[in-house]
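Dear colleague,

I am handing over the structure below, and my notes on it follow. Please read them with the model open beside you.

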Amino acid sequence: FNPNIFQWDTCFMMLFAKYANNLIPSIVSLDNFYRKQHADGAICREIREADGTDYWPKSSKHFTNPPLFAWAEWDHYRFTKDSSRFAQVLPVLDKYFQWCKQNRTIDNGMYFWSNLASGMDNSPRLESQTAGWVDYTAQQAMAAYYISKMALVIGDNLLATSYQAEFDSLKRLINRLCWNEEDGYYWDLDGAGIQIKTKTAACFWPMIAMVANQKQAAKLTQHLKNPAEFYRPHLFPTLAADHPDYHANGNYWRGSVWAPTNVMYIKGLQEMGYEELAMEAAMNHLENMYQVFKDIEPHSMWENYAPESAQPGQPAKSDFVGWSGCGPIALLIEN
């Protein structure tokens, strides 16, 4: 894609690369980031491959990325039953979590970043207005959840209890501030704590983060099943179809179907017990990817896909396994 390595891309690649674990130990890719952790715990979202230096300064709101290391580590453990990495990586993940907490929260405890940092580069979430970002906050809750589980496995009960408390606190915060019962959505917040109602993929991270309860998940799922919003020919777009900035060709994060968000949607549905819809979405995604592979030149996998037809997204890079490999490997096998 470019001369740098990316944090959340690498975490998602781990979700399918584990299936070649007997050939190449993929999980050590995360060590590229752990090695470059700053003394204060910070880890840059984007690191230059040539010399291992940070691409962004810590002062930049673009410095972080979805904090998914703990999820990727836990998924690898669940697959391999090998917990030997936990003692090594838990101190890194603990310091990183605490750095984010100290440096990327606003007064009410919500986390902040930018569209670029969230990974959804040109999403129509207004950075000038958004103070508390629901996806970052939910991802930190998910990090705390899996750090706690990892700590229990190696018998560090103190750390496990501490991170269970972090998870419980963030879960209460998100449900108190971001959930809207009438809308059936989790929303970002502005500086005054008012909900900002932009229907993007960010609204659904609380499902996979175990923040939503069954009633909330049922309402969120109705939006995914609504043809006016997310139930489009290629499931699921990253922006609701009834948003004025939605593009039939995707326009990157203004409608395109992306591997990471589809994993998030599908695994979130599965987490909340919606196995049938999770399987339908996985099959739909694979069918569309196959149709594009067969019909479009170059015959390859693409960075993202159009939501309204079996086409690559516009724009999208070809020959892009990257995290797009999550579809025809992980989702094929698991869903």
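The structure holds zero disulfides, a disulfide being a pair of cysteine sulfur atoms within 2.5 Å. Cys-203 is in no disulfide, and the nearest cysteine sulfur to its own, that of Cys-178, is 9.7 Å away. With a relative accessibility of 2%, Cys-203 counts as buried, where buried means under 20% relative accessible area, exposed means over 50%, and partly exposed lies in between, for a 1.4 Å probe and protein chains only. Cys-326 is likewise in no disulfide, with the nearest cysteine sulfur, that of Cys-11, 11 Å away, and Cys-326 counts as buried at 1% relative accessibility.

Before going further, please note that this is a predicted model, in which local features need pLDDT of at least 70 and side-chain atom pairs count only at pLDDT 80 or more, while totals for chains, interfaces and linings use all residues. Residues are numbered from 1 along each chain as its sequence is written, and side-chain values use heavy atoms, with hydrogens and water left out.

Turning to the aromatic residues, a search of the whole structure finds 30 aromatic pairs. Rings of Phe, Tyr and Trp (for Trp, the six-membered ring) pair if their centres lie within 6.5 Å, and planes under 30 degrees apart count as stacked, over 60 as edge-to-face and the rest as tilted. The ring centres of Tyr-55 and Trp-56 are 5.2 Å apart and their planes stand at 85°, so this pair is edge-to-face; Tyr-55 is partly exposed, with a relative accessible area of 38%. Trp-74 and Phe-86, by contrast, form a stacked pair, 6.3 Å centre to centre with 15° between the planes. This pair links distant parts of the chain, with Trp-74 in helix α3 (residues 69-80) and Phe-86 in helix α4 (residues 86-103), twelve residues apart. Helices (H or I, at least four residues) and strands (E, at least two) are DSSP runs, numbered from the N terminus. Trp-74 is buried at 11% relative accessible area, and Phe-86 also counts as buried, at 1%.

Two bridges join β3 to the antiparallel strand β6 (residues 188-190), and the bridge partner of Gly-132 in β6 is Leu-189.

With kind regards

Notes:
Pairing = 2+ DSSP bridges.
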